[in-house]
Amino acid sequence: MLLLQYPKCSTCQKAKKWLEANHIAYTDRHIVDDNPSLEELKQWYEKSGLPLKKFFNTSGKVYREMQLKDKLPDLDEEEQLKMLASNGMLVKRPLVIDDTNILVGFQQVQWEEALLR
């Protein structure tokens, strides 16, 4: 299991504590220092079945500074994926990827259903 996270993010810290409390092994990856590639994002987006907007950190400073709320609707899927791949701070975190799951953001109930089966 891969956990993409930002160490200063309180939600990411909660997610890591939850994984450790439930004895779930994971590989930790800093989402800014090792930003997801365009290919990775394409794969995860397609596998997740989620709307692409769910992968954007809509409450983040970079998202607001770039005024993406207004710009995203005018961008096609490829342009949005390229934008996500350009800056890890645009990607919603934490992000968990394993053989069967793509979890975006930390929602404990969702994680319990997906990871404690």
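Tutor: Helices (H or I, at least four residues) and strands (E, at least two) are DSSP runs, numbered from the N terminus. By that scheme, H23 sits in the loop between α1 and β2 (27–30). This is a predicted model, in which local features need pLDDT of at least 70 and side-chain atom pairs count only at pLDDT 80 or more, while totals for chains, interfaces and linings use all residues. Residues are numbered from 1 along each chain as its sequence is written, and side-chain values use heavy atoms, with hydrogens and water left out.

Student: What average pLDDT does the protein have?

Tutor: The term pLDDT denotes the predictor's confidence in each residue, from 0 to 100. Where pLDDT is low, the predicted coordinates should not be read in detail. Here the average is 96, and 100% of the residues score at least 70.

Student: Which value does phi of H23 take?

Tutor: Most residues other than glycine have a negative phi, and most peptide bonds are trans. Phi of H23 is positive, near 55°. Q67, which is not a glycine either, has a positive phi of about 55°; Q67 belongs to the loop between α3 and α4. As for peptide bonds, the one joining R93 and P94 is cis, with omega about -10°, and P94 lies in the loop between α5 and β3.

Student: Is H23 buried or exposed?

Tutor: Buried means under 20% relative accessible area, exposed over 50%, and partly exposed in between (1.4 Å probe, protein chains only). H23 counts as exposed because its relative accessibility is 73%.

Student: How many disulfides does a search of the whole structure find?

Tutor: A disulfide is a covalent bond between the sulfur atoms of two cysteines; the criterion is a pair of cysteine sulfur atoms within 2.5 Å. The search finds zero. C9 is in none, its nearest cysteine sulfur being that of C12, 3.1 Å away. C9 is buried, at 12% relative accessible area, and C12 is buried at 0%.

Student: Which residues have the most contacts inside the largest nonpolar core?

Tutor: In soluble globular proteins, nonpolar side chains tend to be buried together. A nonpolar core is a set of buried Ala, Val, Leu, Ile, Met, Phe, Trp, Tyr and Cys residues joined through side-chain atoms within 4.5 Å. The largest has 25 residues, and W44, F55, F56, L84 and L95 have the most contacts inside it. Elements giving two or more residues to this core include β1 (2–5), α2 (38–48) and α5 (77–86). Apart from it lies another core of 11 residues, among them A15, W18, I24 and W111.

Student: Which residues of helix α6 are buried?

Tutor: In α6 (residues 108–115), they are W111, A114 and L115. Seen down the helix axis, they fall within an arc of 80° (taken from the directions from the axis to the C-beta atoms), so they line one face of α6. The face turned away from them carries the exposed residues V109 and E113.

Student: How far apart are M1 and D98 in sequence and in space?

Tutor: They are 97 residues apart in sequence and 4.5 Å apart in space, C-alpha to C-alpha. M1 lies in the segment before β1, whereas D98 lies in the loop between β3 (95–97) and β4 (102–104).
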